[in-house]
Structure formats: structure tokens, C-alpha cells
Amino acid sequence: AEALVVEAAGAGAGGSGNPVALVTPRLDAGLGEAAGLFAQAFARAVQLYAAVPGAVLAEGVLQLSTGARDDDRFARIAQAGLFEPETLALLNADETSARLGEAAPGGLDQRTALAADPAPILDAWLRETIQARAAALQPTPTGWLVLDAAGGVIVEADAVIVANALAAGDLVGSVSLQAVRGQASWTLDGTRSPAAAWGGYAMPTRAGVLFGATHDRDDTATDVRAVDHARNRQTLADALPDLAARLSGARVEGRASIRAVTPDRLPLAGPAGPAGLFLLTGFGSRGFSLAPLLAEHVAAEALGAPSPISADAAALIHPGRFAERAARKARF
């Protein structure tokens, strides 16, 4: 089977366009099916990115504790056996402070987590791309037509995977997604920093440090705002004041894009109703960790091949789960 990508605005135009992406596992202390899926997806993402020349900018990300609840959560996850051995290690405040070069709380050393450059990954993985904006999908006896705004046929396909984040609803009807705007800030002054996260985050780029990011629900504007750069500087200063001081005089650049978030914070990946139509969206802030494995899952479903994830995991992320829950509630 041949895959064709219909891309409205160019590779990385959406959430994959920043100069660096944080590839970290979602730390789910519930330790159930979802936690296992997150761990599997993270391991697959790291494996794939490591195989792309030039993709990995830094290995190892510190997840800093914000209090006793985090300390307990990190300990439970590190001891649960969900991740490959040596993936996670608990650090005390002295150890994290030594890594960061300034006073910091203890935390979790995510040893295989990455700061990755999206550009070489997109270059390596994208094959044939059709530059057009899909406006509608039309079923045919043998598959689907992808149509532009004028009703013209962009491409005819056996199956369609809708992977356009928040705009998925424009093509498949009602989708349970909420917009969360995020603006990231970065310097080009050559300052270096280890990768760390605490609610906010800071990570190295090729030319400086990227930090952020804002979280503004139901805001779909992508203009870059000075006030959001100031908010990002404050988020950084609250956690890593020495690094923030080093960057205080540096000019910042930035970019805003829109996260697509589901009500249960799990992605939408699988069949979307009619035969041959699939969804791959709802990654929130975890696209670079979750998307590779779940793309393989959706591709397997489209081809009728065995999925790399369990049936229980597939049910967790099935796009029809919210409609099914609503129907069950209506019956009772």
C-alpha cells in the first residue's frame, strides 16, 4: 500500500514546527492499561527518532518535583516496571542541582527521554506530499475522495486517515476535541541548558534554549504575543531562576500552535465510523511521544494487519468511545 500525505501548509506547519520537541513519557501513576500504552509509545518513539540522523539534540530529561505528591508519584512509577530497566531513576535535590547548575528540587531522571529536532524527522519520514487543503471527504463504492473547497478532487484513496489535529472535525463531523493554545519562546544566543520539565520546561535547541509554554484553553489564534513571552520567562524564573537570569537579556523568538485535547486526555486513534475512515488526533502536549506508535496502530487497522498495541489499549483510544459512553448513559 502506498501512503500519500495531503498537507495544507507544509511539513511542520502545525504542532511539529518548533525548533525542538520534548519526547518524554506521560507519567501515569494509575499504572493501568493507559500507563502501559504510554510507556510502549514512548519506547517506540525514542527507538525511531534515534535512527534518524541529526534528530536527537539531547538525551535525558529531568522531571522536577513540585511537591510531596510528585515525590510519591515518581517513586511509584519508577518502581512499577512499566518502562525498560534503566529508563527512570529517582534523584535527590543535590543530584538534580548538580545536573542543572543551580538549586533545584529532587525529581525523576528520564534517562532515555529526548530533546529532538522535528525537521530531520519530517524530512526522513515524509514521502510524496500533495500540497492542498482538504475541505471535505466523500465516500465512493471503493473508497474515498478527498475534496478541496471548490469541490475538486485532490486525491482518490482506498482509506483516509484524518490527522489534522483540531481541524479533524471539519472533515469527519463532531469530534470531542478542545483547543489549547501554546506559545513557546526560544533564544538564539548560544546559551546551553540541560532539558528539564516541571509543568513548564526548558530544553536545548541547536542555537540556544527553548522554554515555555503557555496553556490557554479555547484560544485558536496563532499570533506571537509579547505578553506570552513574558509569561514563559516567569514560568522559567519560578523553577530555574539562574537560567532565567542568564537569558534575561537575550532576544527571544517564538511560535504559537494549537494543541488538540480530548475530555479524557487520551488520543483518538482508530476507525471513525464509515469503512475506510480513520482518526489520528487528540495528542495534547504529547504528540512526539505518542504519534509514532499510534500511527502504526491506525495504519495496521487501515490495512487489516495486526496492531502493535493490545485490544484493550485500542479500545481506550477508539474514536467512538465518547459516543458509546453517551449512548450507555442515555439507556440508563
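User: Where does Asp218 lie, and why is Asp218 called exposed?

Analyst: This is a predicted model. Asp218 is in the loop between strand 15 and helix 6 (226-239). Its relative accessible area is 58%, and exposed means over 50%, so Asp218 is called exposed.

User: What makes the phi of Asp218 worth a note?

Analyst: The phi of Asp218 is near 60°, a positive value in a residue other than glycine. Ala165 also has a positive phi, of about 55°, and is not a glycine.

User: Where is Ala165 found, and why is Ala165 called partly exposed?

Analyst: Ala165 is found in the loop between strand 10 (160-162) and helix 5 (168-172). Its relative accessible area is 32%. Partly exposed covers the range between the 20% limit for buried and the 50% limit for exposed, so Ala165 is given that label.

User: Why does Thr205 count as buried?

Analyst: Thr205 has 4% relative accessibility. Buried means under 20%, so Thr205 counts as buried. Its place is in the loop between strand 13 (201-204) and strand 14 (209-212).

User: Which residues is Thr205 in contact with, leaving aside its neighbours within four places in sequence?

Analyst: With those neighbours left aside, Thr205 is in contact with Pro19, Val20, Leu57, Thr187, Arg192 and Leu210. Contact here means heavy atoms within 4.5 Å.

User: What does the side chain of Thr205 reach, and at what distance?

Analyst: The side chain of Thr205 reaches the backbone nitrogen of Ala207 at 3.1 Å. The limit for a polar contact is 3.5 Å.

User: Pro19 is on that contact list. Why does Pro19 count as partly exposed?

Analyst: At 25% relative accessibility, Pro19 falls between the 20% and 50% limits, so it counts as partly exposed. Pro19 is found in the loop between strand 1 (5-7) and strand 2 (21-23). Beyond its neighbours within four places in sequence, Pro19 is in contact with residues including Leu57, Asp117, Trp186 and Thr205. Pro19 and Gly208 are 189 residues apart in sequence, and their C-alpha atoms are 10.0 Å apart in space.

User: Where does Gly200 lie, and why does Gly200 count as buried?

Analyst: Gly200 lies in the loop between strand 12 (195-197) and strand 13. Its relative accessibility is 5%, under the 20% cut-off, so Gly200 counts as buried. Leaving aside neighbours within four places in sequence, Gly200 is in contact with Gly212 and Thr235. Gly200 and Thr235 are 35 residues apart along the chain, with C-alpha atoms separated by 6.3 Å.

User: Why is Thr87 called buried?

Analyst: The relative accessible area of Thr87 is 6%, and buried means under 20%, so the label applies. Thr87 lies in the loop between helix 2 (68-78) and strand 4 (88-91).

User: What makes Pro267 count as buried?

Analyst: Pro267 has a relative accessible area of 2%, under the 20% limit, so Pro267 counts as buried. Its place is in the loop between strand 16 (252-261) and strand 17 (268-271). Among its contacts beyond four places in sequence are Thr281, Phe283, Leu290 and Arg321.

User: How many helices and strands does the protein chain have, and why is it called as compact as a globular protein of its length?

Analyst: The protein chain has 10 helices and 18 strands. Its radius of gyration is 21 Å, close to the 20 Å that the globule rule gives for 332 residues, so the description holds. Of the 332 residues, 45% count as buried.

How values were computed
Residues are numbered from 1 along each chain as its sequence is written. This is a predicted model: local features need pLDDT of at least 70, side-chain atom pairs count only at pLDDT 80 or more; totals for chains, interfaces and linings use all residues. Side-chain values use heavy atoms; hydrogens and water are left out. Helices (H or I, at least four residues) and strands (E, at least two) are DSSP runs, numbered from the N terminus. Buried means under 20% relative accessible area, exposed over 50%, partly exposed in between (1.4 Å probe, protein chains only). A polar contact is a pair of N or O atoms within 3.5 Å; within protein, one must be able to donate a hydrogen and the other to accept it, and residues adjacent in sequence count only if both atoms are side-chain atoms. The radius of gyration is taken over C-alpha atoms; the globule rule is 2.2 Å times the number of residues to the power 0.38.
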